[in-house]
Amino acid sequence: ADLYYWSTYHISEDELKANNVYAVSRLYINRERVMLSPTELVFGYLMEDKWKIYKPFADKDHKWLSNVPNIYMSGLQRVKNGCDNVVITKAKKDEMVLAKFLPYVVSVQNESEFCISKANIDFLQKTCRNVYVNFDSDEVGVQACKYYNQFGFKWINCPRGYKDTEGKMIKDFADLAKYKGLGAVIDHFKQKNVI
């Protein structure tokens, strides 16, 4: 079930291992065991020495548990001096999908004006020719993207108009890959001249 979930986003077991994403069977918070249903999907993202716990089918208030600092950027160590384009996306899942065809992708912990530290802004400005911010294509995501324009960052969001199988708007590239295929994601980045 764990691997099937990720496969719907075109993410393989090898990609999960390379990104330190693990299925969780036992969860402890402050040394106290949190009981999990044996059928509930729960994943742990190891980010240096901190954990972000993801329950994809939980309600909004219980989907995430984390002791990862708000300004931590996943994948930043892969960004090399002189890179043409780097994409900052809002989730590890989106990072793994976009990394299939983009050489430089990093992800932040949330969509906010405070998720990218001044030190990371400076590093990206000095290291990369173009920095693109990719948050959800809803109002919150778009406003957060616009905030980073002041640093010379461009923004690239999932195109509006795509719907999932329940008729809800697709807001991110991971869901676009799931419902419309990787080709739809790649085509969008080609149209925007990012690849």
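Reader: How many nonpolar, polar and charged residues are in the lining of the second largest pocket?

Author: This is a predicted model. By class, the lining of the second largest pocket has nine nonpolar, four polar and one charged residues. About 280 Å³ of space lies in this pocket.

Reader: Which residues lie nearest the centre of the second largest pocket?

Author: They are L27, Y28, I29, W51 and I53, from a lining of 14 residues. The elements giving two or more residues to that lining are β1 (21–23), β2 (27–29), β5 and β6. With three residues, β2 gives the most.

Reader: What makes Y28 and W51 lining residues of the second largest pocket?

Author: A lining residue has an atom within 4 Å of a pocket point. Y28 and W51 are among the 14 residues that line the second largest pocket, so each has such an atom.

Reader: How much space lies in the largest pocket, and which residues lie nearest its centre?

Author: About 1200 Å³ of space lies in the largest pocket. Of its 38 lining residues, K63, W64, K90, D136 and D172 lie nearest the centre. Two or more residues each come from β4 (43–47), β5 (50–54), β6 (64–66), α3 (92–98) and α6 (173–180). The largest share, four residues, comes from α6. By class, the lining has 16 nonpolar, five polar and 17 charged residues.

Reader: Why does K90 count as buried?

Author: Buried means under 20% relative accessible area. K90 has 16% relative accessibility, so K90 counts as buried. K90 lies in the loop between β7 and α3.

Reader: What makes the pair K90 and D94 a polar contact?

Author: A polar contact needs a pair of N or O atoms within 3.5 Å, one able to donate a hydrogen and the other to accept it. The side chains of K90 and D94 are joined at 3.4 Å, so the distance falls within the cut-off. Leaving aside residues up to four places away in sequence, K90 touches V108, E111, N134, F135, D136 and D172.

Reader: How do you know whether V79 is buried or exposed?

Author: The cut-off for buried is under 20%. V79 has 7% relative accessibility, and therefore counts as buried. V79 is found in the loop between β6 and β7 (83–89).

Reader: Which residues does V79 touch, not counting residues up to four places away in sequence?

Author: V79 touches V86, Y104, V106, F123, L124, T127 and C128. Contact means heavy atoms within 4.5 Å. The C-alpha atoms of V79 and C128 are separated by 8.2 Å, and these two residues are 49 residues apart along the chain.

Note on methods: Residues are numbered from 1 along each chain as its sequence is written. This is a predicted model: local features need pLDDT of at least 70, side-chain atom pairs count only at pLDDT 80 or more; totals for chains, interfaces and linings use all residues. Side-chain values use heavy atoms; hydrogens and water are left out. On a 1 Å grid over the protein atoms alone, a cavity is a set of points where a 1.4 Å probe fits but cannot get out, and a pocket is an open set with protein on both sides within 12 Å along at least five of seven lines; lining residues have an atom within 4 Å of a point. Grid points are joined across faces, edges and corners, and a volume is the space filled by probe spheres set on the points. Ala, Val, Leu, Ile, Met, Phe, Trp, Tyr, Cys and Pro count as nonpolar, Asp, Glu, Lys and Arg as charged, and the others, Gly among them, as polar. Buried means under 20% relative accessible area, exposed over 50%, partly exposed in between (1.4 Å probe, protein chains only).
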